[in-house]
Amino acid sequence: MGIEPLVKSYSALRHETLTRDRGLREKVMTLEEAAKLVHDGDHVAIGGCTVSRTPIAMVWALIRARKRDLVISRSITSTEGDLFFASEVSKHVITSWFTQGIVWGVSKVMRHHTENKLARFEEWSHMSIGLRYRAGAMGIPFMPSRTMLGSDVGKQVKDEIKVMDCPFTGEKIVLLPALNPDIALIHVQRCDAFGNAQLDGLQFMDIDMAMAANKVILTTERIVSNDQIRRTPDRTRIPFFTVDAVVEAPFGCAPHECYGLYEPFFTHLDHYAKISSQDPVKGPQQYLEEFYYGPKSWPDYLAKLGMDALLDASRRGRSVHND
Amino acid sequence: MTKHTKPSSTFTTSELLAVMASRLMTNGQVVFAGIGVPLLAATLAQRLFAPQLTILFEGGTIGPFIVPGELPPSTNEQRCTRRSNMVLPITDVLLLLQRGYVDIGFMGGAQIDRFGNLNSSFIGDAENPKIRLPGTGGGNDISSLTNMIVAMKHEKRRFVADVDFITSPGWLKGGGTRKDSGLPQGGMWRVVTDLAIMGFDDETRQMKVLGLHHGVTREQVQENTGFELKFDGKIETTAPPRADELAVLRELDPRALYTA
């Protein structure tokens, strides 16, 4: 891969889209088949936020497929970022916040990799990441914005942003470069075989991300019929022609949360936090061996999480429907 | 209005922070709240005297009511959406700040300086940090666009003359430097600690003590601060947390996840 310009040329962006098969076609496949759509060196955008609706099943498949040099972007990065670093699948994460979650303290794995310069955590403000995806989704090269000025966050990425005087008002504004990921991984509650996706609860940055990316892999709790989608088209958030793969992956965010279905697997996440804090090298390696490389299949991975944990997370997950 | 009950003598630092911060809220405000003490303080105000106060969460929620005992681990879980009015994409909830719908941004802090700049990115030099911290999240956006309250523990290592790295801008180098850098709106308004409540001088934008908590001396605050503090002309003594305030906090967080 050569060095690409920061912002993709409009003709390249349009050409890539033009050459994609946008017909109403079935695209159901396995996690392993979908992993083949991701190439070493790709920019991969990860849907969800922190421990919510993270496409863990696809992250799991990419780590098992031993991908290399992926550039990862996400609104906020949690345990999946640790595991991308620890597995050497990625050495470059673009995000606004990087740690398992505030209740577990600062990630020792993120610290180990960044402080020892083994990997890069490129920090942008949360809104700036969102506006970069949005510019990408809109097919424009940049988005003007009013944050990251005056602070050192803006200075850290000064080669990638522009500060200009607004041509209308003369005010100082920031221009954020559009982000058009090579591929976006998004987990939803339901979609059809064509990739019409309905997602419940918080959307995070997933819709912009799907529109901005050059490819989308959807994992879904269940595949429903196209007829069912057509009964409630107002609930469809991602249109099929942006989607390149549909994978049915029940509990596809475990041990993270999927709105309305299961909450985070807190005991499991406590366990991960404990072993990764005790040893930021051996801890995640042990975790990867046990939960990523070891299991024969996704159901085998879920079995390792344990029936008690699945039921407990599900019971809590469904509580939002019980007000 | 506030029902005055007798002060309570035993409370934790986090409970003190939440109570003192809650008293800075006004009914009818729209408050962009972080997790932990900010959420507890905003909810406490909502319960006791500000029923028209609206909480926004960075994950995309407008106006949730938190279920006691089910505090969210971040602003992005389904627990953040309970009985809310609306859920939005993250980018759009943050854009409400830019558009001007938010009165107060409210968060915790790792390190703060005399001009109210916050650091949550690097301890030490950014190129060779001693500690890489989790980063800005929405902190930079919130503090760039609205008036801020920060709640944190008062320690010398946290209150420094100049932060190692400005993650979330306060008044930058004081005076008009914030405005000149392209941030004409908002700014650091109040810093609430376990010792005192601080504001910022209208001209110099230097941090100054406005109030001391019950039993705290000026010397004590200065000893725990890494730069020379200014003191306002009339320093008030805050009333200690009341039993009714603590009762609400303990109902919200019965397992002391954020109030230990």
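K296(A) and D300(A) form a salt bridge, with their closest N and O atoms 3.9 Å apart. The cut-off for such a pair is 4 Å. The model is a predicted one. Across all chains, a search of the whole structure turns up 31 salt bridges. Another of them, in chain A, links E115(A) to R111(A). Here the closest N and O atoms are 2.6 Å apart. Both E115(A) and R111(A) belong to helix α5 of chain A, which covers residues 108-115. They sit 4 residues apart, about one turn of the helix.

Now take chain A by its domains. Chain A splits into domain 1 and domain 2. Domain 1 of chain A is made of two stretches, 25-126 and 180-321. Domain 2 of chain A is residues 145-175. The C-alpha centres of these two domains are 32 Å apart. Where they touch, 5 residues of domain 1 of chain A contact 6 residues of domain 2 of chain A. Together the two domains of chain A bury about 450 Å², and carbon and sulfur atoms account for 61% of it. The touching side of domain 1 of chain A has 3 charged residues, 1 polar and 1 nonpolar. How many salt bridges cross between domain 1 and domain 2 of chain A? The count is 0.

Two loops of chain A carry backbone features to look for. One loop runs between β12 (245-248) and α10 (266-278) of chain A, and P255(A) is found there. A cis peptide bond joins A254(A) to P255(A), with omega at about 10°. The other loop lies between α4 (79-86) and β3 (90-95) of chain A, and holds E88(A). E88(A) is not a glycine, yet its phi is positive, at about 60°.

Next comes chain B and its sheets. Strands of a sheet pair through backbone hydrogen bonds, either parallel or antiparallel. One open sheet of chain B has 10 strands, in the order β4-β3-β2-β1-β5-β10-β12-β13-β14-β15. Its pairing is mixed. M148(B) has M188(B) in β12(B) as its bridge partner.

Another open sheet in chain B has 3 strands, ordered β7-β6-β11, again with mixed pairing. Its edge strands are β7 (118-119) and β11 (159-160) of chain B. Strand β6 of chain B, residues 111-113, is joined to β7(B) by 2 bridges, and the two run antiparallel. There I112(B) stands opposite L118(B) of β7(B).

Last, see how the chains meet. The contact involves 57 residues of chain A and 54 residues of chain B. The chains bury about 4400 Å² between them, with 55% of that from carbon and sulfur atoms. Which residues of chain B lose the most area to chain A? Q78(B), R132(B) and P134(B) do, together making up 18% of what the side of chain B buries.

Salt bridges between chain B and chain A number 3. One of the salt bridges joins the side chains of R134(A) and D92(B), at 2.7 Å from N to O. The interface of chain B and chain A also has 32 residue pairs in polar contact, both residues at pLDDT 80 or more. Among the elements of chain B, α3 (90-99), β9 (129-132) and α4 (139-145) each put at least two residues into the side that touches chain A. α3(B) gives the most, with 6 residues. By class, the side of chain B that touches chain A has 22 nonpolar, 20 polar and 12 charged residues.

Technical notes
Residues numbered from 1 in each chain as written. Chains lettered and ligands numbered in written order. Predicted model: local features only at pLDDT ≥ 70, side-chain atom pairs only at ≥ 80, totals over all residues. Heavy atoms only, no water. Contact = heavy atoms within 4.5 Å. Buried area = accessible area lost by both parts, 1.4 Å probe. Polar contact = N/O pair within 3.5 Å; in protein donor to acceptor, adjacent residues only side chain to side chain. Nonpolar A, V, L, I, M, F, W, Y, C, P; charged D, E, K, R; others polar. Domains from an automatic or database assignment. Pairing = 2+ DSSP bridges.
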